[in-house]
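Here are my notes on the model, point by point. Please read them with the structure open.

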Amino acid sequence: MTQMFDQIFVIAKHWLLGYVPAVAQPLASAILSVVPVLIAFPLLFAITTVLERKGLGRIQNRYGPNRTGPAGFFQPIADGIKSLTKEDIVPLSADHIVHFLAPVLIVVAAFMAYAVLPIGRNMVILNLNAGVLFFFAIGSVVELSVFMAGWSSRSKYSLLGAMRAIAQMISYEVPLVLATVVVIMQAGSLSTVTIVERQAGYTGIWPHWYLFTPWGIVGFVLFMIAATAESNRSPFDLPEGESEIIAGYYIEYSGFKFALFFLGEYLGMFATSGMAITLFLGGWSAPLSVFTFVPSWIWFFAKLLVLIGGFIWIRGTLPRLRMDQLMNFAWEFILPMSLLNMLIAGVWHFMAPGVVRWLVCSAIIATPCILLSAGLRKKKRLMVRTYEFAE
Amino acid sequence: MSPLQGYLTLSALLFSIGLAGALTRRNAILVLIGIELMLNAANLNFIAFWRFGPHPAALTGIMFAIFSISVAAAEAAVGLAIILAAYRHSRTTDLDKMNSLKG
Amino acid sequence: MTVSFLILAVITVGGTAAAMGLRNAVHCVLALTVGFAGVAALYLQLGAQFVGFTQIMVYVGAVAILAVFAIMMTHNPGLVERTVVSKHWLAGSVVAAAVFAVLASAIGRSAATLQQHSPQPVVTVQQIGDSLMHQYVLPLEIMGLLLTAALIGAVVIAMDRKEETK
Amino acid sequence: MIWIVQNLWLIPALPILAAGIAALLKQRSRIAAASLAIGSMAFSFLLSLCAFAHVLLHPSAEPLVRNIPWFQFGNEWLKIGWMLDPLTAVMLVMVTFVGLLIFIYSTGYMEHDENFTRFFCFLALFAGAMLGVVIANSLLLLFMCWEIVGLTSYLLIGFWYFTPSAAAAAKKAFITTRIGDLGFLIGMVWLYAQSHTLLFYDAGAGCLEGRSLFHLVATTTVLGLTSASAIGILIFCGAAGKSGQVPLHVWLPDAMEGPTPVSALIHAATMVAAGVFLIARIFPLMYAYTVVKATNEPLSMLVIVPSPALHVVVWVGAITALFGATIAVAQYDIKRILAYSTVSQLGYMMMGLGVGGVSVGMFHLITHAFFKALLFLGAGSVIHGCAGEQDIRRMGGLRKYMPVTFAVYAIGMLALCGFPFFFSGFWSKDAILHAAHNWSVSQLPFYMGALGALLTAFYMTRQVCYVFFGSLRLPAAGHVAHSEPHSEDTDHHGAGTPHESPAVMTVPLMILAAFAILLGFFGTPAWPWFQSFLEGTQPAFSFAGFSEPGIIPVMLSSSLIVFLGLGLGWWFYYRQPIATADSPDAVGRLAPGAFSVLGHAYYIDALYGATLIRINTIWSRLCDWFDRFIWNGAVQTVSYLVLGVAWTDNFVDNYVVNTTFDGGCHTVSFGGRVLALLQGGRVQGYLRMIGVALIGLVIFLLWGAKA
């Protein structure tokens, strides 16, 4: 029974495929596996927007959207209608083709990233041998589209915003990849499915998630920080800043294209969160062996929602960084720590299991972390933003 | 015409396109890009020969491609850096104007 | 000679040709990314997954962005470019065409020797990693050294000398 | 092997290491330097105690040695090493202990000196080198440490190098000792040539062991001396230089220019003792003469059938003893008096070595080390208290102002005089006199020694009366004393009222005083513990020791002499107290001429200045002239010849070679210019060429290869 629920989508897909002539079957199966993703995640995006706005409202001690529909839950629909019906303004001097391609490309890239995410047991669109690599390769396309957006609309603000965004993305892509390397070292595979299966076991009731190892914790934290920066979310939302470069690289966009950018960003955020879940939080596997009866895909989305909640919370509470602080943070703290983390993964791999291994690895990571942060704080390179003229 | 020949012809075409670009463009950056294209063509050759070669079990072709890709990356970085320096020196990236060894 | 190959070939050649032909440098780079993507797709078609993704990551993700940055930094609106091609463009294109002709004829002549059809080899990342770590470990190390040197060298070369004089 | 013997090298190594570190310290880090030196010294002292205890608990006739090959030359290894035997152990304990006390004392004495750190660096180096001398088992190693000792003594005496007299004294000390060391060096080389080793004890192969001794004695050289004796005499030159024996004693009084702790360290405890110790170390060599004459007698018999070397030692010692004592009578500088008394005491030691063997000499050395260190440090305390005043005529009545110093000084003085029964000096000096009395060759040394003892008592009494009794004759603060530039002079108590020294100075004094009293009882004839310890036999306590022939008379006579000396001193200097600083000396009034002669130390320095140094200067002038005109002329001519050759070469180059060469160069550069046309600096041009070349290559490969 639980099996049934777990595999319900797979079963449904095969059932549907039964009605398709054999010639068209590959195409049909591809469509059948892609379309649900194309539906599910935009829905999640809609829910997330309203959740975020309400959550931020609560954090900032005000009501969020609460007019449209029950408790304002139809707000995203209203927004969608609005952005669809708005006039699509393109600057006269803009490079029309590129200006049009940019948002499309960003959304397409964001969607392609889902191809390798195992949403549930046997529920991955294509099980690539180099899945993780694919994921990051696609992620790097986003930068290009951002540049296209910024450059094509012939505006100083957008160009500067694009430059900022790209600089930030490139500098945080390095630690992002390095943080995943530890998992790859341990799992010995680049295929997301394999990585999840490696974590799916249990000792007693406790799962074998990579989160529960020193390098796992550190890697997860680093990965999430880098992911926050990758998806331009607060406190790293430098590319858009009302005070400096108004809306950043999509300042010249309006109506549906703007919505597409919005969508693309959130999809990218979901994708990285999903990757984080796959790499560190055991993908679709249940957190405790007693909960295995709950279908795997539910677990995946549950974890995803938890991470999104975390994102919202951080956005509501943390102040933004300055640009230089952002860069220094990336190159002087995150990068060394992730390199060190790889070392620890190696040590962990070659030491005998036991308490000693834990202590040694934790010590190796903890001491440099403290020293480095202390040193940077002494050099005034790494601080919370100081408001020079306010206060 | 065998698939291998197709790939080889394609790579030859890429190579000559890159060469043409490198020979005809003024902008140093685009010249560099043309060279990158030639490298790509070479990589395509490696892969094609690996694929249709006598014993693909040996990963020589792939290895060579990987290494040359990384070399290309390094080369691009250094080359662009040099172009930047040259631009800072003589406010242009026009190769016809950058024709003296010492400024 | 499959259809997919032809499509990819057309995309690639078109992209690269546009990259070498367009007037606007940024357009060139964008078209170039299309060409790179096409090459990556060809790799995938040839069954070299890893190389294909590496290609996308390195070229689309890094080299293209780098080139774009370089263009942005070296673009000075002061001078208007009458032409994008250099003085000797004719000689250059002739040479390029001759090279293609020679190579193509060589390939055509060697048609007889290139007839064998081997089955699609499956190569996992595992194998690649193993051979990188065992058979090709020395080239790997040298590559790492080269990349480090290139990193530092690029930074040093591109660094603005004015800061030192300050 | 026992760990202490294994690690004996640590004892000198530690202070030397400390010196090395202290040399790197900054001038201001005084605490660090002092604690380094003192700490290392204390550690060495503990180690020495361990060594001493080991020797005490496991007495063995054979010394424990540890030899390590140093380097190879020719086909034989040069070995160095260290050894542990009663002699070494005793010296180690003495040097480290006294050194430690002196170090501690110095922290107080030098506290106002700005070169504090340098001072302690030198002190530590000196102590280390001295310890090296003590433990060395190879004459070469001993010699090296010996030279380091010389160097450091030079540095320390000239510590206040900015006072010309100190610099001169330092040079004098260095050069004088060098003269002695020349003999030492020659003797050493000769010894190596004779018995192909410099190790003292090396499991039968050492140069102080039977085989080589027999060989040395068998060969006779000039004046019918056995080579053993000749070598012994040569080495004794070195010992005489270090130990200030006549005629090489001149440096010792001048060395008083150094800081007082240095004087104590150099003159009381260690450096001067080094000479005596050297003789004691190579005693078998000196002694060997007779061994073979009566082959069946063991080495360690006390009644000596003297060898010529020992003759020399005895006579030099006796002369020095008397000589120093006489001079000391007429000195006014408190430290010079002590210096001359040291000279005479060293004479006693040498004499003791000669007439009574190792134990007698060494016993006096040890006791003397303690009470002379006590006296010097006491004198230092007096000088310190009197704001750098050294002239005893300007002191007086100090016993009221510095009672502690007075008490300990009195103890030291009595010990030096050899006050009967209660002071160490008595027993050790008595042992020497007794041995001299039994000396088979002549009685003269005994009488000289006795006279010396009388004078010793006399001049010590004189000094004490001058310094501590009578009325205070310290001048006003305006008059700043001559030597010892204490920066503290003008700081506090400049008014001229003496003050007691701080505890850090007085405590070591008390300790030394205690030892100055007690040590004597280890060597009484009744319980000759020390002698038997040195000879490795078990001490037996019996008053029968007194019943030996001649002991009682000698003792009585010597104590009588002492009392006589004290009485004379009292009569001259205490009965009518010295009123003013300028009032002439009591003895001086009796015999002014003799007194002034004594006051100028028999004009020995003047004599040397008139003879040796004069000759030396003339000779050096001669050499200079020779160098200037003969050699230099030769060099000049050669250089002119070379110049001529150079000129011709130059000509040939310019007008023959270059013309052809330049032609070649021109053609080459022309070709280069032609080829350079290809390199227009146009990258694409190069690239085009490459493309063309590629085409050519492919065409060749395709069509050309077939043909």
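1. A term first. A nonpolar core here is a set of buried Ala, Val, Leu, Ile, Met, Phe, Trp, Tyr and Cys residues, joined through C-beta atoms within 7 Å. A residue is buried if 20 or more other C-beta atoms lie within 10 Å of its own. Keep in mind that this is a predicted model.

2. The largest nonpolar core holds 220 residues. Which members touch the most others? They are D:A37, D:M130, D:I279, D:V313, D:F370, D:L374 and D:A516. Helix α15 of chain D, residues 334–385, gives the most to this core: 30 residues. A second core is separate and has 190 residues. Among its members are A:V116, B:L23, C:L32 and C:Y43.

3. Look at D:L374, one of the residues named above. Leaving out residues up to four places away in sequence, D:L374 touches D:V408, D:G412, D:L509, D:L512, D:A513 and D:A516. D:A516 is also on the list of members that touch the most others.

4. Now chain A. Helix α13 covers residues 323–350, 28 residues in total. Its first and last C-alpha atoms are 40 Å apart, close to the 40 Å expected at 1.5 Å a residue. Yet α13(A) has a kink of about 35°, centred on A:F329. A:F329 is itself buried.

5. Other buried residues of α13(A) include A:L326, A:A330, A:F333, A:I334, A:M337 and A:W348. The buried set also takes in A:S338 and A:N341. What covers these buried residues? The cover includes α7 (156–187), α9 (214–230) and α14 (355–378) of chain A.

6. Helix α6 of chain C, residues 137–158, is hardly covered: two of its 22 residues are buried. Its length checks out. At 1.5 Å a residue α6(C) should span 32 Å, and its end C-alpha atoms are 31 Å apart, so the two values agree.

7. Next, the contact between chains B and C. Chain B puts in 61 residues and chain C puts in 66 residues. On the chain B side, α1 (3–24), α2 (28–52) and α3 (60–89) each supply at least two residues. The largest share comes from α3(B), with 20 residues. By class, the chain B side has 43 nonpolar, twelve polar and six charged residues.

8. Last, chains C and D. How many residues are in contact here? Twelve residues of chain C meet nine residues of chain D. The chain C side divides into eight nonpolar, three polar and one charged residues.

Methods:
Residues are numbered from 1 along each chain as its sequence is written. Chains are lettered from A and ligands numbered from 1 in the order in which they are written. This is a predicted model: local features need pLDDT of at least 70, side-chain atom pairs count only at pLDDT 80 or more; totals for chains, interfaces and linings use all residues. Helices (H or I, at least four residues) and strands (E, at least two) are DSSP runs, numbered from the N terminus. The expected span of a helix is 1.5 Å times one less than its number of residues. A residue is buried if 20 or more other C-beta atoms lie within 10 Å of its own, exposed if 12 or fewer, and partly exposed in between; C-beta atoms are placed from the backbone. Two residues are in contact if their C-beta atoms, placed from the backbone, lie within 7 Å. Ala, Val, Leu, Ile, Met, Phe, Trp, Tyr, Cys and Pro count as nonpolar, Asp, Glu, Lys and Arg as charged, and the others, Gly among them, as polar. The bend at a residue is the angle between axes fitted to the seven residues ending there and the seven starting there.
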